[in-house]
Amino acid sequence: MRRWMAAAAVVAALAALLVCLAVPRAPAAPVGAAQACGLERWSVKTLSDSRAGRVDLRSRTTSVLALTRRARPMVGTNTPRLAAETVSYRVRAKLVEARGEDDGDIHLVLAEPRDPSVTMIAELPSSNCLGRSRPAGRRRMVAARRAFEARCGYVSQHWHRLGGNATLSGVLFFDLKHGQTGLAPNGAELHPLLSFRSDHCAVRSPAPA
């Protein structure tokens, strides 16, 4: 009787093992999945792409107006870094408004001080989404965001009007158009920002919906 029960237990165990092997297992979720941060050209936006080493972090002085007048290249959701996106620029800009986004970025709208109708976007990524970024760039991205938050304060996921001007530097990036607030006609952005300095940045009441 005991031998029969032992044999039955072995058979049951083998059957369970065969069932487990036959059923495909769901793949484990990757650590720091990109979906939690961003999607479209995300590695280019965060200096974590294979061409990030080509980016010159030494900023060239220009203006918001000049960047918005550059020729717009053709870009798609998976376009690798373009030659134009290996250059960093420094601008003096009027601060218009900002909000936190679902991907952790702070979306900042800038305007040309001499003509506030000319706007473009600058983005400050979350440090939680920079694990694979180029080290030198990561340090500067983190420092730029801290500088913004120290000067302008906390920005929620609602639009907040800003006051004052700032000197900013960042890597030129051309984004896809999907109705972003403040987007330049040619899609030019400073994404990511590498530095932020402002003598006065007042976060006013949330902008009307």
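Guide: Start with a hairpin: it joins β3 to β4 through two residues. Helices (H or I, at least four residues) and strands (E, at least two) are DSSP runs, numbered from the N terminus. This is a predicted model, where local features need pLDDT of at least 70, side-chain atom pairs count only at pLDDT 80 or more, and totals for chains, interfaces and linings use all residues. Residues are numbered from 1 along each chain as its sequence is written, and side-chain values use heavy atoms, with hydrogens and water left out.

Visitor: Why is E85 called buried?
Guide: Buried means under 20% relative accessible area; exposed is over 50%, and partly exposed lies in between (1.4 Å probe, protein chains only). E85 has 0%, so it counts as buried. E85 lies in the loop between α3 (64–68) and β2 (87–100).

Visitor: What makes the link between the side chains of E85 and R41 a polar contact?
Guide: The term covers a pair of N or O atoms within 3.5 Å; within protein, one must be able to donate a hydrogen and the other to accept it, and residues adjacent in sequence count only if both atoms are side-chain atoms. The E85 and R41 side chains make such a contact at 2.8 Å. A polar atom of the E85 side chain also lies 2.9 Å from the backbone nitrogen of F174.

Visitor: Why is the aromatic pair called edge-to-face?
Guide: A search of the whole structure finds one aromatic pair. The rings of F148 and F196 have centres 5.3 Å apart and planes at 75 degrees, so the pair is edge-to-face. Rings of Phe, Tyr and Trp (its six-membered ring) pair if their centres lie within 6.5 Å; planes under 30 degrees apart count as stacked, over 60 as edge-to-face and the rest as tilted. F148 and F196 are both buried.

Visitor: Why is T167 called buried?
Guide: T167 has a relative accessible area of 14%, so it falls under the 20% limit. T167 is found in β6 (residues 165–174). Its side chain joins that of R92 in a polar contact of 3.0 Å.

Methods:
Two strands pair if DSSP finds at least two bridges between them.
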